[in-house]
Amino acid sequence: MLILTIRTDKPESEIGLYDNNKQLVYEVWEAHRRLAETINNKIDTLLASQDKQLADVKGIVVYKGGGSFTGLRIGLSVVNALAYSLAIPIVARSTGWIEEGIDDLIAGKTDKIAVPDYGAPVHTTIQRK
C-alpha cells in the first residue's frame, strides 16, 4: 500500500512516501510562510521522484497537532481534500504519528476526516461593532 505522510505544524514541513512500513522517500523543507504555495508542488515532486502519481496513493497519514494554527489548518485542509477526491482513507495522529498512523491505516482504523488538535483552547476576541 502506497502511503503519503504529511506534517505541517512548524516552519519546517515534512512529507514522506511509504510502501506499507518501508520508507521510500522523505523530505523536510523550510515552508514557513510559503506552505500554501509549496505543499502541492512538493507532493507532486515527491511522487515523481518515485515514478508515482496521486492515483497510486492508497492512504494518507497526517500529524494533527499540537502546533501552529495556520500550518495545521493548511496541511489538514490539503490532506482532507486529497483523501476525499481520491476516495482513500486518512489517519490523523499526534504521538508516534508515522509508525502508529501507518499501523492503524493498514489495520483499517481510519478517520473520516483529519481534525486538528491545536494543543490549547482556541482564543477568540469579541467582535468590534
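**Note on the predicted model of a 129-residue chain**

1. Contacts along the chain. Residues 24 or more positions apart make up 56% of the chain's contacts with a separation of 6 or more, where contact means heavy atoms within 4.5 Å. This is a predicted model, in which local features need pLDDT of at least 70 and side-chain atom pairs count only at pLDDT 80 or more, while totals for chains, interfaces and linings use all residues. Residues are numbered from 1 along each chain as its sequence is written, and side-chain values use heavy atoms, with hydrogens and water left out.

2. Overall dimensions. For 129 residues, a compact globule would have a radius of gyration near 14 Å, and the value of 15 Å for this chain agrees. The radius is taken over C-alpha atoms, and the globule rule is 2.2 Å times the number of residues to the power 0.38. Along the principal axes, the C-alpha atoms fill a box of roughly 55 × 30 × 25 Å.

3. Surface and interior. The chain exposes about 7600 Å², of which carbon and sulfur atoms supply 50%. Accessible areas come from the Shrake-Rupley method with a 1.4 Å probe; for residues, only the protein chains shown count as cover. Of the 129 residues, 40% count as buried. Buried means under 20% relative accessible area, exposed means over 50%, and partly exposed lies in between (1.4 Å probe, protein chains only).

4. Secondary structure. The chain contains three helices and five strands, and their order along the sequence is β-β-β-α-β-α-β-α. Helices (H or I, at least four residues) and strands (E, at least two) are DSSP runs, numbered from the N terminus.

5. Strand β1. Six of the six residues of β1 (residues 2-7) are buried, so this strand is largely enclosed by the rest of the structure. Leu2, Leu4 and Ile6 point one way from the strand, whereas Ile3, Thr5 and Arg7 point the other way. Thr5, which belongs to β1, counts as buried because its relative accessibility is 0%. Leaving aside residues up to four places away in sequence, Thr5 touches Glu14, Ile15, Gly16, Tyr18, Tyr26, Val61 and Trp97.

6. The partners of β1. Two strands pair if DSSP finds at least two bridges between them. With strand β2 (residues 12-19), β1 pairs in the antiparallel sense over six bridges, and a hairpin of four residues joins the two. With strand β4 (residues 59-63), β1 pairs in the parallel sense over four bridges. Ile6 illustrates both pairings: Ile6 stands opposite Ile15 in β2, and the bridge partner of Ile6 in β4 is Val62.

7. Helix α1. At 1.5 Å a residue, the 15 residues of α1 (residues 35-49) should span 21 Å, and the end C-alpha atoms are 20 Å apart, which agrees. The expected span is 1.5 Å times one less than the number of residues. Leu35, Thr38, Ile39, Ile43, Leu46 and Leu47 are buried in α1. Seen down the helix axis, the buried residues fall within an arc of 165 degrees, so they line one face of α1; the arc is that of the directions from the helix axis to the C-beta atoms. An α-helix has 3.6 residues a turn, so residues three or four places apart point the same way. On the other side of α1, Glu37 and Asn41 are exposed. The buried residues of α1 pack against β1, β2, β3 (22-30) and α2 (69-86).

8. Helix α2. The 18 residues of α2 should span 26 Å at 1.5 Å a residue, and the end C-alpha atoms are 26 Å apart, which agrees. Its buried residues include Gly71, Leu72, Ile74, Val78 and Leu82. The buried residues of α2 pack against β1, α1, β4 and β5 (90-93).

9. Which residue with a positive phi, near 60 degrees, follows α1? That residue is Asp51. Asn20, in the loop between β2 and β3, has a positive phi near 55 degrees and counts as partly exposed at 30% relative accessibility. Ala87 follows α2, in the loop between α2 and β5; its phi is also positive, near 55 degrees. Ala87 is exposed, with a relative accessible area of 71%. The peptide bond from Gly65 to Gly66 is cis, with omega near 10 degrees, and Gly66 is placed in the loop between β4 and α2.
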